[in-house]
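Thanks for coming, everyone. I have one structure to walk through today. Let me put it on the screen.

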Amino acid sequence: MTRSSPTTASRAKLGILLSGRGSNLLAIAQAIDRGELDAEIAVVISNIADAPGLAKARELGLEVVALSHLGLRRKQHEARVVSALVHAEVDWVCLAGYMRLLTSELLDAFPLRIVNIHPSLLPAFPGLAAQEQAWNYGVAVSGCTVHLVDSGMDTGPIVLQEPVYCHHARSAAELSCLILEAEHRAYPLAMQRLIAEPWRLEGRRVTFGETLP
Ligand code: GRF
């Protein structure tokens, strides 16, 4: 069993990895500003130099690093990402629309400290375009999942899920919007729980709270 204690000495430092729009980055930053997430964003890293999320991070005055993966082997690129995260002294790595599968280079540098958000109720609809997958399948309920990251694609232990009823949407696009709203609530909440509460991993179950004597 793996145990984790709350980060108490100082505010937890987050490193955010993104490749695109950056709305989850904003949601995390806003939750910090509202005092709902006891953390600070130490660095925002993107493999895409002109990612809109990186521009948003700059506007917020955050430390920003662009590290292109082009022309590099996967592990070479990740070694550079790890260096930037270590340099920023991050406690947690939050993937927020980071469009790269991780290798052992990152996973081993931050064991059980890498978190992702996915726009479906995993294990349903892993991979790309999860909202469209759910809509086209015709499920009654979809939603979002915050999970610890392992070497698989969207397979790690689940931290928190928020359901969304598909009948509230009239199209895949509307469902995506509703799920994104849920993501913006779920990601900061999940991070606050991971940071502030004791939790343990029993098999692949993330269990919050003290263990009974
Ligand atoms: C979100 O839908 C998230 O679930 C997925 O990538 C998208 C990122 O959106 N992993 P944003 O860049 O945070 O707006």
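Predicted model: local features only at pLDDT ≥ 70, side-chain atom pairs only at ≥ 80, totals over all residues.

Helix pair. Look at α1, residues 23-33, and α6, residues 172-196. How do they pack? The angle is about 45 degrees, and the axes lie 9 Å apart. The crossing of the two is right-handed.

Which residues meet there? From α1, we have Ser 23, Asn 24, Ala 27, Ile 28 and Ala 31. Facing them from α6 are Leu 180, Glu 183, His 184, Tyr 187 and Pro 188. By class, that contact of α1 with α6 has 6 nonpolar, 3 polar and 1 charged residues.

Now stay on α6 and find Ala 182. Buried or exposed? Ala 182 is buried, at 0% relative accessible area. What does Ala 182 touch, leaving aside neighbours within four places in sequence? Cys 144, Glu 162 and Val 164 are in contact with it. For a sense of scale, take Asp 91. Ala 182 and Asp 91 are 91 residues apart in sequence, and their C-alpha atoms are 25 Å apart in space.

On to the salt bridges. The structure holds 7 of them. I will show some, with the accessibility of each partner.

Start with Glu 174 and Arg 170. Their closest N and O atoms are 2.7 Å apart. Arg 170 is exposed, with a relative accessible area of 71%. Glu 174 is partly exposed, at 26%.

Next, Glu 197 pairs with Arg 193 in a salt bridge, at 3.0 Å between the closest N and O atoms. Both partners are partly exposed: Glu 197 at 25%, Arg 193 at 31%.

Then Arg 200 and Glu 202, another salt bridge, with the closest N and O atoms 2.9 Å apart. Which side of the cut-off does Arg 200 fall on? Arg 200 has 10% relative accessibility, so it counts as buried, the limit being under 20%.

Key: Residues numbered from 1 in each chain as written. Heavy atoms only, no water. Salt bridge = Lys/Arg side-chain N within 4 Å of Asp/Glu carboxyl O. Buried < 20%, exposed > 50% of the residue type's maximum accessible area, 1.4 Å probe, protein only. Axes fitted to C-alpha atoms, helices over the stretch in contact; angles between N-to-C directions. Helix = DSSP H or I, 4+ residues; strand = E, 2+ residues; numbered from the N terminus. Left-handed = near helix turned anticlockwise from the far one by under 90°. Contact = heavy atoms within 4.5 Å. Nonpolar A, V, L, I, M, F, W, Y, C, P; charged D, E, K, R; others polar.
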